[in-house]
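Here is a briefing on one protein model. Look at the structure first, then read the notes by topic.

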Amino acid sequence: MIMLGLTLVFAALWRNFEKSILMSYQTDSQLKIKWKYGILLVSLFGTFLPMYIINAGMSYVGNDYANYVNYYRNIASGVGQDVEYGYKLINQLVIKAGLDFQWVYFITCFIAYILLIVCIRTYSSNYAVSYLLFFTGGFFFLLGLNQIRQFVAVGCVLLAFQFIEKKKPLIYFGLVICGGLFHITAFVMLPFYFILGKRIHLSFYAVISLIILPINFFFNDIMVWLFKTFMPRYLRSDYVSRTYELEVPYLVMIIVTVVVVLFLIGKETGELSGIDRVFLNGCMISVVLATVCSWLPEYARFVYYFFIPTIFYIPKLLNKMQKRLIRILVLGIVVIADLVYVFTIIGYSNVLPYKSIF
């Protein structure tokens, strides 16, 4: 809670001083502008540091920490480790520098949080609300305290979304490939350059869901083929024996958030363009994945790429509302739905009790 409080305060200061500096060039002296830049840098550092320290300084927290220790030891001993090249490269650099394993976390989390802060700066109109939704939506716990490789991958994909709007496919593909070097799931986003920016009627997603639904009757064969082709190391894992089931708290969080987005957009749904259209299509795809594709192994990992942009989009939509009380009420609905889900994941994500190296 202290970490979240500090992050929100500094994020609000960051946004306020950023806006103040833009106005200062017409009215203030150079000395006053430089002073404001100093406060801005302090605010940026204060926004970055709390979550980063908690995340990078953790010790045997989450389900993946012990696995990453083993990866490090295997790479250091020359046994080899089947893991994405970007993450493996960080391990190799840390080993060659003679540093211990924790530096893998320091470096990986540094990249992830820099990407997050750049994305918030790029897409959000209220930095504090974006960080609040990042926390309450469970992303801090699942990506930060568990899936740090995919945290970097998600950051790369989020940064790439703006280049759909700008029609710069090479930059988009380059960023997605960079993400795939940390987590293979990012490669799924390559064809979505041609999809997310399109005007798609909301009814189309209902039709797609009905078409996908029958696949649930023979998904085991599909999973065996997918693992055999792309990730053979998981062929004998429990993922292959998954069954179709709805994770109700997760689905409720997604549906409530998407309903709020549609409410805030209102009648402008068919007129959206640019990044707004990208984010709305992402919202709808996340609903489809969470309802009729939960048989996919680690399907939530795919949902991240489509759903996490809501932490930028909701503040942007709220900013357009005139009445402050309604803004607070709508945000409160989203946060409550988020927290119901977060309280269900705390147990199996093993983030408590938290332990630090410091």
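**Surface patch and overall picture**

Helix H4 (residues 85–96) gives three residues to the nonpolar patch, the most of any contributor. Helices here are DSSP runs of H or I with at least four residues, strands are E runs of at least two, and both are numbered from the N terminus. The model is predicted: local features need pLDDT of at least 70, side-chain atom pairs count only at pLDDT 80 or more, and totals for chains, interfaces and linings use all residues. Residues are numbered from 1 along each chain as its sequence is written, and side-chain values use heavy atoms, with hydrogens and water left out.

**Whole protein**

- The protein has 16 helices and zero strands.
- Of its 358 residues, 52% are buried. Buried means under 20% relative accessible area, exposed over 50%, and partly exposed in between (1.4 Å probe, protein chains only).
- Among contacts with a separation of 6 or more, 74% join residues 24 or more positions apart. A contact means heavy atoms within 4.5 Å.
- The accessible surface is about 17,300 Å², and 69% of that belongs to carbon and sulfur atoms. Areas come from the Shrake-Rupley method with a 1.4 Å probe; for residues, only the protein chains shown count as cover.

**The nonpolar patch**

- Tyr85, Leu89, Leu93, Ile177, Leu181 and Phe187 make a nonpolar surface patch of about 530 Å².
- Patch residues have over 30% relative accessible area and no salt bridge (a Lys or Arg side-chain nitrogen within 4 Å of an Asp or Glu carboxyl oxygen). Nonpolar side chains (Val, Leu, Ile, Met, Phe, Trp, Tyr) are joined within 5 Å, like charges within 9 Å.
- Phenylalanine 187 sits in the loop between helix H9 (169–180) and helix H10 (202–212). Its relative accessibility is 32%, so phenylalanine 187 counts as partly exposed.

**Asparagine 55**

- Asparagine 55 lies in helix H2 (residues 30–56).
- Its relative accessible area is 0%, so asparagine 55 is buried.
- Its side chain reaches the backbone oxygen of glycine 144 at 2.4 Å.
- Leaving aside residues up to four places away in sequence, asparagine 55 touches Tyr105, Cys109, Tyr113, Gly144, Leu145, Ile148 and Phe151.

**Helix H6 and its ends**

- Helix H6 (residues 127–136) is mostly covered, with 10 of its 10 residues buried. Among them are Tyr127, Tyr131, Phe134 and Phe135.
- Asparagine 126 caps the N-terminal end of H6. A side-chain oxygen of asparagine 126 lies 3.3 Å from the backbone nitrogen of alanine 128.
- Just after H6, glycine 138 takes a positive phi of about 90 degrees.

Note on methods: A polar contact is a pair of N or O atoms within 3.5 Å; within protein, one must be able to donate a hydrogen and the other to accept it, and residues adjacent in sequence count only if both atoms are side-chain atoms.
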